[in-house]
Amino acid sequence: MTTTWLIVRASGLVAYGLLAAASIWGLLLSTRLLGRKAQARALTFTHEGLSLGALAATITHLAFVMADEYLGFGWVELLVPGASTWRPLPVAMGVVAAWGIAVVGLSFYLKRYIGQKAWRSLHFGAFGVFIASTAHGLMAGSDSRQPAVLALYLASGIAVVVLVAARVVLTGERGRSAVAA
């Protein structure tokens with residue numbers, strides 16, 4: 001096993017862990033489960049930092065996938081969904097997720113130019129990014145059968161599903177109370 005392959009594996013898991021943390025943190029912010037007293041700017045900065053960390057780890061993952069001689073990936077396989085002949089569907093999901101991480105992560109810096117509504121629409125894409133990343137890791141990851149890695153996917157997935165449900169319920173509650181007022 002080469003150092004390059006170890007970095008591919010480690011950077012993929014780090015990218016996923018940071019993406020999961022950013023997703024969970026973003027949902028905690030949007031549901032206001034952290035309360036209103038918490039410093040909104042500091043919490044948003046943490047969410048942004050986790051997202052950019054996920055992007056940096058993803059770029060590292062892609063760079064070392066390309067450097068690894070066994071897979072033989074070039075720019076096309078890394079940037080075009082479906083171009084890979086090695087595990088085409090899982091790799092395509094990874095490519096889509098990587099593009100999504102870039103778009104959603106960089107949207108923090110576009111918000112003032114594109115407006116709140118467009119920014120929010122881009123940010124909803126994070127759900128698809130999380131799903132595609134999870135599927136990519138489970139289907140293409142060489143460590144996906146390891147108990148600790150499976151626990152990461154399972155715990156992250158459960159947390160995201162529970163927080164999405166909480167957000168839907170709480171958004172419905174806020175909507176009903178605003179209409180009643």
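Where does Arg 87 lie? This predicted model, numbered from 1 along each chain as its sequence is written, uses local features only at pLDDT of at least 70 and side-chain atom pairs only at pLDDT 80 or more, while totals for chains, interfaces and linings use all residues. Side-chain values use heavy atoms, with hydrogens and water left out.

**View A. Arg 87 lies in the loop between helix 3 and helix 4.** Helices here are DSSP runs (H or I, at least four residues), numbered from the N terminus. The phi of Arg 87 is near 45°, a positive value in a residue other than glycine. Arg 87 is partly exposed, at a relative accessible area of 38% (the class between buried, under 20%, and exposed, over 50%, with a 1.4 Å probe and protein chains only).

**View B. Helix 2 (residues 40-67) packs with helix 4 (residues 88-106).** Their angle is about 150° and their axes are 9 Å apart; axes are lines fitted to C-alpha atoms over the stretch in contact, and angles run from 0 to 180 degrees between N-to-C directions. Leu 52, Ala 54, Leu 55, Thr 58 and Leu 62 of helix 2 meet Ala 98, Ile 101, Ala 102, Gly 105 and Leu 106 of helix 4, with contact meaning heavy atoms within 4.5 Å. By class, this contact has eight nonpolar, two polar and no charged residues (Ala, Val, Leu, Ile, Met, Phe, Trp, Tyr, Cys and Pro count as nonpolar, Asp, Glu, Lys and Arg as charged, and the others, Gly among them, as polar).

**View C. The largest pocket has a volume of about 1100 Å³.** A pocket is an open set of points on a 1 Å grid over the protein atoms alone, where a 1.4 Å probe fits, with protein on both sides within 12 Å along at least five of seven lines; lining residues have an atom within 4 Å of a point. Volume is the space filled by probe spheres set on the points, which are joined across faces, edges and corners. Of the 41 lining residues, Gly 26, Leu 29, Ser 30, His 47 and Trp 119 are the closest to the centre. Helix 5 gives the most to this lining, with 10 residues.

**View D. The second largest pocket has a volume of about 220 Å³.** Look for Ile 59, Leu 62, Trp 75, Leu 78 and Leu 79, the closest to its centre of the 13 lining residues. Helix 2 supplies the largest share of the lining, six residues. By class, the lining has 12 nonpolar, one polar and no charged residues.

Key. Helices (H or I, at least four residues) and strands (E, at least two) are DSSP runs, numbered from the N terminus.
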